[in-house]
Amino acid sequence: MKRFSWRVRTPDLNPDNNAPVKTETSADADEGNTKTDVVANTFDGAWLHFETVDFGSKAPNYFSVRYSGKDNCYDDAYVEVRRGSVNGEIIATVKTPPTGAWDKYATAGVYLTAEQQAKLTGEQDLYMVLRGTRSSGKKYVGNFNWMQFS
């Protein structure tokens, strides 16, 4: 199981509040209510960069995301796992629909095919691109507690 620290490197601002992606403190009841930093103020096109992730010779077979999202999050929110750059090849996609409240977390994941796994060995630069359709009153992708390969 590999969980990674991220760097928030999004040059753009959220078009709904003119503020950048940020980290804020939150507690996840299913993870012992321990206070932790989560990625927040997310929007379509924002991204997280994971530099030089070393998978070694054994590729993961599953990718999961721990997230939350209130009713003002995109109904069709999802995370793209991209390799090499923010516009690089899409390795996997995980749907992250609203959970109903900022403090109500859920885990979403996807099994990786043999073809996807073959692209996740050795050292890789990975980008998690946050996506969704902006609509009236919907201005966020969600808050993200962690992302993990296993």
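The stops that follow lead from the whole chain to particular residues.

**Before starting.** This is a predicted model, in which local features need pLDDT of at least 70 and side-chain atom pairs count only at pLDDT 80 or more, while totals for chains, interfaces and linings use all residues. Residues are numbered from 1 along each chain as its sequence is written, and side-chain values use heavy atoms, with hydrogens and water left out.

**Stop 1: the whole chain.** Helices (H or I, at least four residues) and strands (E, at least two) are DSSP runs, numbered from the N terminus. Followed from the N terminus, the elements read β-β-β-β-β-β-β-β-β-α-β-β. Of the 150 residues, 44% are buried; buried means under 20% relative accessible area, exposed over 50%, and partly exposed in between (1.4 Å probe, protein chains only).

**Stop 2: the largest nonpolar core.** Select F63, L126, M128, F144, M147 and F149. Among the 28 residues of this core, these six touch the most other members. A nonpolar core is a set of buried Ala, Val, Leu, Ile, Met, Phe, Trp, Tyr and Cys residues joined through side-chain atoms within 4.5 Å. Elements giving two or more residues to the core include strand 6 (62–68), strand 10 (123–131) and strand 11 (143–149). Which residues does L126 touch, not counting those up to four places away in sequence? They are L48, H49, F50, V53, F55, R82, R83, L120 and F149, where contact means heavy atoms within 4.5 Å.

**Stop 3: aromatic pairs.** The structure holds 6 aromatic pairs. Rings of Phe, Tyr and Trp (its six-membered ring) pair if their centres lie within 6.5 Å; planes under 30 degrees apart count as stacked, over 60 as edge-to-face and the rest as tilted. Select F55 and F149: the ring centres are 5.2 Å apart and the planes stand at 90°, so this pair is edge-to-face. F55 lies in the loop between strand 5 and strand 6, and F149 lies in strand 11, 94 residues apart. Both F55 and F149 are buried. Next, select Y67 and F144, a tilted pair with 6.4 Å from centre to centre and 35° between the planes. This pair joins strand 6, which holds Y67, to strand 11, which holds F144, across 77 residues.

**Stop 4: two positive phi values.** Most residues other than glycine have a negative phi. Select N41, in the loop between strand 4 (35–40) and strand 5; the phi of N41 is near 60°. Then select T52 in strand 5, where phi is about 45°. Is each residue buried, partly exposed or exposed? N41 is buried, at 6% relative accessible area, whereas T52 is partly exposed, at 45%.
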